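Here's a quick walk through one multi-chain model, written for someone who likes to know what the contacts are made of. Have a look at the structure first, then read on.

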Amino acid sequence: MSTITRRHFLTTTIAAGTGLLGVPALGTAQGKEIVMLGIWPFTGAFADVGPLLDRGMRLAIDEWNNKVIGRPIKYITRDDETKASSATRRMEEAIDSEGVKIVIGPWSSGMALACTEVAKRRKVFYYFSGGTEDIAGKRCHRYAFNWAASPYTAMHVVVDNYMRLNPTHKRWYLFVSDFAFGWSVEKYTREAGSHHGIEFVGADRMPLGTREYSGFVSKAAAAKPDVLCLLNAGQDVLVSIREAHNFGLAPKVTLLNSWGVGTEDFLQLDPKTRENFWVGTNAYYGMNTPVAKKMTEMYQAKYNVPPGYAPCAAYGMTRLTLRAIEKANSAEPADIVKALEGWETQDWPGKVWVNPKTHQTVRDYMLLRCKKPDQMKHATDFADIVAVSGQPTMPDSMNECKDIGSL
Amino acid sequence: MFEGRPGAFLRFVLLLVAIVALPLAVRPVVASEIWIFSIAAMALNLIFGYTGMLSFGQATFFGLAAYTSGLMMIHWHAPLLVVLAAGTLVGALAAAAVGYVCIQRVGTYFIMLTFGFNQMFFFIAYKWTAVTGGDDGLPGIPRPPLALGPWSISLETSVRYYVFVAVVFLLAFYAMKRIVDSPLGVIFQSIRENPVRAAAVGYDVKWYKWIAFTLAGAFTGFAGVLYSMMFGIVPLESISWIISGDIVFMVLIGGIGNLYGPLLGAAAFKWLSEAISVLWNRWPLILGVALVLVVLFLRGGLVEAFARIRGAFGGGGGRRDADEGVPVRVGAEGEART
Amino acid sequence: MNVAFFAGAILNGLVTGMLYALMGVGLSLILGLLNIPNFAHGVLYALGAYVMISAGKAFGFLGGALTALAVVGLLGAVIEYFGVRRLYRVHSDYILLLSFGLSLILTESIILVWGPVGITSQPPAFLTGGIDLGVTVYPKYRLAVMFITTALVLGCYLFVTRTRYGAILRAGIEDKDMAAALGINIRRVFTLTFAVGTGLAGLGGALMSPVRGLLPTMGIDILPFAFVVVVLGGLGSLPGAILAGLLVGVVQSLMTAIWAPGADASVFALMTLGIIARPQGLLGRR
């Protein structure tokens, strides 16, 4: 190959490359519309939750008549496929092609850690509801917020109140989903447990989406616990419960799903397996606040079934975002951020306060005790609300978010 | 470079046109991924299309390089060219080690060995959460600027990163073309066609297979580094067999044994998965149908499809280039013992 | 860690092991005779489970299982006749890729018909709950599945080794051209073998569905293990598949009990060592 043509090849390529670098940023959709992206799982391990989250967000936007501060709202969704690569690619693609500046979702904490990186780099407003403390902790940044209660508070509410009612149940066995979510809730379950003298007689970590729980249930049974604490997520919870019953472990031993979705799980479980089943959750339809009650009414009217954690979370996040836009009279991410920071107001969970240093929402968490079939007063009377509390709140010193950065 | 082969020159020009037009059609983010996976697909093509070894574990090298470069950028703020080199090296070394074991067997056994190693590395990445972040992936990866001496070009926006990816892709493409057109490339092809005869003629078949595998690992590692900088995170699936399977798809759909095949395959695959998935969540069905049709009727992939279309319109056409795809003719049992 | 602990682990291992053996036997027939790496074996297992759910409502548990066997086996025959058959003259890698494409199509079809959400299935009423074995309490249904799959696997083995048809099969595995030259309709043998192999996978799925629940991707979970079993046992060797299946099941279960994260990796490490140390597999002949 002659040197002339090789050089020619290289120069042509480099010239083309540098030429393109001069091209201004490709145009994005502009205009009066406020584009909101819901990044939800429609396929993959959490495929059943996607449609529920979509419902919640849609409900909130419909309640505002698809408009805020006089501008129409365009609501779009993307499937994150419960894969970090898809979540980030689609989020970024939506930012480029639809001019998205407000992102709510996804569902899995693992995905959220990926999405928050994109939000930080592209400076878009980002709201997530999840059990990993990292979003408002180690990975905090000015544009990201967490709607769910902090796992510190949540695990305390669960453990403290459970022990108040069952002071002799000191032997606990843990099932932990092996990713950010599981690690956070395990850490604080142990921390809360230490105040009650709980002996953690064993713990198993398994990947999200594990189908074969027989081995773990056998191990748990051999350790003779009082409580089998399920710190896993998704379908894993249901599989664990079923296996625990198959192996005769439950209902003798309490099954405690500390960060659960509540309603949706109840609907899928065999009623017999709901005995001695306790659930800690961010959202149950029996929540006694004006906003929650109204939302439950609307949801029930439309879908004939009460809402669980997922639709309530999507609704709650969207609602607060829209209210923040109204408060700031602007839909620019920086303005929404400033409107939310330090805001104390009443919303779905009752009183909420957005900690400006960490962007963690300080709010109530719930502990439910499931009812036996003969105790239910109507078809969806699944559980008694045993406790609703926001105490204790996480001291800032314990939080790993030391510098939330600038806009 | 193209003397005497006007068809090849035209194809190259089309490639340049594609590079310029693609980000306008599918957005820079998706377009960047297409070129990144094109590099990985070209690498698999080298060992499958040209040397006849189907590897179901290329994600091993893709992921290892991605994690390595990610860690270097997070902890040492390593510059761009350094991580590119490091990732390529990691890919090559890992392929050399893994390949050495795998090439001892052929056929299904070879496939299972590559798959088995992929699973083991996947497991290590999954469990070694302190280093890799486990199931959540490795977040917080910066995108260093391209620094050449006194000049420093930022690559922060999607467009800029796309330009960078496109340029290095062309360099990788050029390198691959050189390999394939060289005597080494011919030896690879002879191994695919008839390993027994290649050995009889005096070539150390295992040695050349190992070289091919290692080279492929290097290219795949290079692609992995580019991927790590795409979203600021290395997801666990970078090293999972799902990606290995995706790369196999791309090569097959595009047309094996042809230099441009993997590019078409990567583009088709990524475009389908992005464009169609927004419309229909069940898009893998279409992918499956496409694969089945290709395997049954169009084993040369998209390359063969274009050739047939061109043949249908242009009558005689030009000579068949050495570049043109050749359906693999080796019978299943024929390559049993090497 | 006590006796109960290990007893439970070993029983779990035998249950999963027999399932792997069942999958392995089916796959070994297909791979050994037809040299087809059937990537769709996993999704056919899943399909069997889903057919069972729907058919079980109409025909009861046994009827549902048999329907699953029939439907999946029939599908296998169709796949072989219309798809795989065209590719025998071409490299076996293409058959693998065809089966890969089919697995995508079938998985998505399952989602279209039954939805993307996981479904649960109940064992027959008389098999629910656990039985006290003294050393540990163990679910009745799992024990039942273990016995049934053992019977099926042994049945296959006896069929292949003791019947005339089995002899034809084994002759075909040894040398298909010679068998054809001797007047055997080798094409029919291929189709039937493929149908039997896939039917077994479907039946396995049907039987396991109350144990593990159903998810559209359940096939993808079990497929790598089916291949490990076949490769470790020796391509084309049924006793090998049985032995390897049990070995893999027990190793995986024990590792889950001792160090859970390492369970899956240990299976693949076992396979890798196996292929390297004993290339023909544990009981393979080639």
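**The interface between chain C and chain B**

Keep in mind that this is a predicted model. On the chain C side, 43 residues are in contact, and they meet 42 residues of chain B. Putting the two chains together buries about 4000 Å², with 78% of that on carbon and sulfur atoms. Who gives up the most area in chain C? That would be C:His91, C:Tyr94 and C:Leu97, which together account for 16% of what that side buries.

And how many salt bridges link chain C to chain B? The count is zero. Polar contacts come to one residue pair, with both residues at pLDDT 80 or more. As for where the chain C side comes from, helix 3 (92–114), helix 8 (218–233) and helix 10 (263–277) each supply at least two residues. Helix 3 of chain C has the largest share, with 15 residues. Sorted by class, the side of chain C that touches chain B looks like this:

| Class | Residues on the chain C side |
|---|---|
| Nonpolar | 30 residues |
| Polar | nine residues |

**A sheet in chain A**

Over in chain A, seven strands make an open sheet with mixed pairing, in the order 8-7-9-10-11-15-16. Strand 8 (199–206) and strand 16 (383–389) of chain A are the edge strands; each has a single partner strand, so one side of each has no neighbour in the sheet. From one strand to the next, the twist averages 20°.

To zoom in on one pairing, take strand 9 (residues 227–231) and strand 10 (residues 254–260) of chain A: they run parallel and are joined by four bridges. Within that pairing, A:Leu228 has A:Leu255 of strand 10 as its bridge partner. As background, strands of a sheet pair through backbone hydrogen bonds, in either a parallel or an antiparallel way.

**Salt bridges**

While the C–B interface has zero salt bridges, the count over all chains is 34. One pair to look up is A:Glu186 and A:Arg190, which form a salt bridge with their closest N and O atoms 3.1 Å apart. Where do A:Glu186 and A:Arg190 lie? Both are in helix 6 (residues 180–194) of chain A, four residues apart, or about one turn of the helix. In general, side chains of opposite charge can pair when their charged atoms come close.

Terms used. Residues are numbered from 1 along each chain as its sequence is written. Chains are lettered from A and ligands numbered from 1 in the order in which they are written. This is a predicted model: local features need pLDDT of at least 70, side-chain atom pairs count only at pLDDT 80 or more; totals for chains, interfaces and linings use all residues. Side-chain values use heavy atoms; hydrogens and water are left out. Contact means heavy atoms within 4.5 Å. Buried area is the accessible area (1.4 Å probe) that two parts lose on being put together, summed over both. A salt bridge is a side-chain nitrogen of Lys or Arg within 4 Å of a carboxyl oxygen of Asp or Glu. A polar contact is a pair of N or O atoms within 3.5 Å; within protein, one must be able to donate a hydrogen and the other to accept it, and residues adjacent in sequence count only if both atoms are side-chain atoms. Ala, Val, Leu, Ile, Met, Phe, Trp, Tyr, Cys and Pro count as nonpolar, Asp, Glu, Lys and Arg as charged, and the others, Gly among them, as polar. Two strands pair if DSSP finds at least two bridges between them. Axes are lines fitted to C-alpha atoms, for helices over the stretch in contact, and angles run from 0 to 180 degrees between N-to-C directions.
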